[in-house]
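Student: I'd like to learn how to read a protein model. Could we go through it together, starting with charged side chains?

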Amino acid sequence: MMTTTTITRSLNFQVAVAAMAIFMALVSNLAYAADPGPLQDFCVAINDSAPAAVFVNGKFCKNPEVAEPEDFFLSGLLTPRNTSNPLGATVTVVNVDKIPGLNTQGISLVRVDYAPDGGLNPPHVHPRASEIFIVLEGTLYVGFVTSNPDFRLFSKILRPGDAFVFPVGLIHFQMNVGKSSAVAIAALTSQNPGVVTIANELFGSNPKIYPSVLSRAFQLDKEVIDYLQTRTWYNHLM
Ligand SMILES: *[C@@H]1O[C@H](CO)[C@@H](O)[C@H](O)[C@H]1NC(C)=O
């Protein structure tokens, strides 16, 4: 059983830690952007500090007294998405921008729709999240590759009810190898996992990377790089 003294000490400690966190956030000019352990029940994100009481923990927080169930809610995730695009896949992102109540909670999710026969969520990386992925419909070829110098491919054919893990920071992909549409849901260990889409980043950068860099890196003729850099690199994140 906790004595009053222990509780007071523990509270004092928490207050000291909170004060230090706020101080450090202020001195670092709010460039701080990790997924912190929450210092309160929740911190519904708002874009400015207009409403009276404001707490700083990553983003501004809405005054908890005026938070509502809608701040923690999103509907429509069973609606199939349009996959008529160059990749044949659409990623519906559910992050802190869609559900403000996710702020500081350290999690988010995505729904991915894949067109039949080759719909592709192309090779990409989440710099800030591990991912666990579950197939609801269809048949997907999925995989990730380990970092330098091993470059091991871990891949699998997944069917409804199958789950797979994509470790943080590793390049991974999923392709629909079935004759019908496919759907998957994934959970990620950040409120804002980030997406680095390899082809888009390298061939669709603005301004362009010098072609000689990509020509050497990929062992491709410069004409091929020139061609790739004139392509439109579709963004399938919604
Ligand atoms: C899906 O998107 C394509 C391309 O934007 C469009 O032509 C088509 O009408 C859309 N289909 C539906 C059902 O909304």
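Predicted model: local features only at pLDDT ≥ 70, side-chain atom pairs only at ≥ 80, totals over all residues.

Student: What is pLDDT, and what is its mean for the protein?

Tutor: pLDDT is the predictor's confidence in each residue, from 0 to 100. Here the mean is 87, and 82% of the residues reach 70 or more. Over residues 1-8, though, pLDDT stays under 50, and the model has 2 contacts beyond four places in sequence for them; a contact means heavy atoms within 4.5 Å. Residues 23-31 also stay under 50, with 2 such contacts.

Student: Back to the salt bridges. Which residue does the side chain of Lys-62 meet in a salt bridge?

Tutor: Asp-71 is the partner of Lys-62, at 3.0 Å from N to O. Next, check how covered each one is: buried means under 20% relative accessible area, exposed over 50%, and partly exposed in between (1.4 Å probe, protein chains only). Lys-62 has 17% relative accessibility, so Lys-62 counts as buried. Asp-71 has 8%, so Asp-71 is buried too.

Student: Are Asp-113 and Arg-111 buried or exposed?

Tutor: Both are buried, and their side chains form a salt bridge at 2.8 Å, N to O.

Student: Where do Asp-226 and Lys-222 lie?

Tutor: Both sit in helix 4, 4 residues apart, which is about one turn of the helix. Helices (H or I, at least four residues) and strands (E, at least two) are DSSP runs, numbered from the N terminus, and this protein has 4 helices and 13 strands. The closest N and O atoms of the Asp-226 and Lys-222 salt bridge are 3.3 Å apart. Asp-226 is partly exposed at 31%, and Lys-222 is partly exposed at 42%.

Student: Now the rings. How many aromatic pairs does the structure hold?

Tutor: A pair of aromatic rings is described by the distance of the centres and the angle of the planes. Rings of Phe, Tyr and Trp (its six-membered ring) pair if their centres lie within 6.5 Å; planes under 30 degrees apart count as stacked, over 60 as edge-to-face and the rest as tilted. The structure holds 8 such pairs. One of them is stacked: Phe-144 and Phe-154 are 5.0 Å apart, centre to centre, with 5° between the planes. Phe-144 belongs to strand 8 (residues 140-145) and Phe-154 to strand 9 (residues 153-158), 10 residues apart.

Student: Why does the pair of Phe-144 and Phe-164 count as tilted?

Tutor: Their ring planes are at 45° and their centres 6.1 Å apart, so the pair is tilted. Phe-164 is in strand 10 (residues 163-166), so this pair ties strand 8 to a part 20 residues away in sequence. Both Phe-144 and Phe-164 are buried. Ring pairs also link Phe-133, Phe-144, Phe-154, Phe-164 and Phe-166 into a cluster.

Note on methods
Residues numbered from 1 in each chain as written. Heavy atoms only, no water. Salt bridge = Lys/Arg side-chain N within 4 Å of Asp/Glu carboxyl O.
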